[in-house]
Amino acid sequence: MLRLAISLFLFALCSFTSSSSARSFVTTIPRPIDSFLPKPQLENAGVCSYTVIIKTSCSSVSYTRDKISISFGDVYGNEVYVKRLDDPNSRTFEKCSSDTYKITGPCMRDVCYLYLLRQGSDGWKPENVKIYGSSIRSVTFYYNLFLPNSVWYGFNVCNGIANAIDKSSDQPITTSAALAAM
């Protein structure tokens, strides 16, 4: 019995610490942000391409005409901001559907925060948002709740990553190690 317990523990440990190309934030609860101002693009950031897939919940309204904005970034201050993702002339963000966007912005390390803003009277319930690109690992943020009106709402797990900076060498440790420390 002890041997089985040790084997299971080692298997779980190896599975948890192995490098992964995808991250998910399931246990983190989306929260409002008090205020938000888009950051100016950093001078030496370069330009990278990102794919953002937004899945609308099957328990959302049939479709929304609300204005939807997005902002995401990394621990180093690189940020992508899109003022309006929706297209009022099409039925974006329909119930049980996914909408895919190709977005360019400053190159960044792994995405550690994501916020959505909904403005309008229809309502909207995103299920999840997945972001991937050539310079970052894929990440999925799980909402599965109706977004409040006119409030930036989402996730910020950057503090856990920032706290994992190795102070002795002033060099950042890998994001996977920082997330493992959280």
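Strand β3 (residues 47-56) runs antiparallel to strand β8 (residues 126-133), and the two pair over seven bridges. Pairing here takes at least two DSSP bridges between two strands; strands themselves are DSSP runs of E with at least two residues, helices are runs of H or I with at least four, and both are numbered from the N terminus. This is a predicted model, with local features needing pLDDT of at least 70 and side-chain atom pairs counted only at pLDDT 80 or more, while totals for chains, interfaces and linings use all residues. Residues are numbered from 1 along each chain as its sequence is written, and side-chain values use heavy atoms, with hydrogens and water left out.

Getting from β8 to β9 takes a hairpin of two residues.

On to the cysteines: the structure has three disulfides, a disulfide being a pair of cysteine sulfur atoms within 2.5 Å. Counting bonded cysteines along the chain, the pattern reads 1-4, 2-3, 5-6.

The link is right-handed, with 95° about the S-S bond. Cys48 counts as buried because its relative accessibility is 13%; the cut-offs, for a 1.4 Å probe and protein chains only, are under 20% relative accessible area for buried, over 50% for exposed, and in between for partly exposed.

Cys58 and Cys96 make another disulfide, S to S 2.1 Å. Cys58 is in the loop between β3 and β4 (67-73) and Cys96 in the loop between β5 (79-82) and β6, so this bond ties together parts 38 residues apart in sequence. Both ends are partly exposed: Cys58 comes in at 44% relative accessibility and Cys96 at 43%.

That leaves the bond from Cys112 to Cys158, with S to S at 1.9 Å. Cys112 belongs to the loop between β6 and β7, whereas Cys158 is part of helix α2 (residues 158-162), 46 residues away. This link is right-handed too, with 90° about the S-S bond. Cys112 is buried, at a relative accessible area of 0%, and Cys158 is also buried, at 8% relative accessibility.
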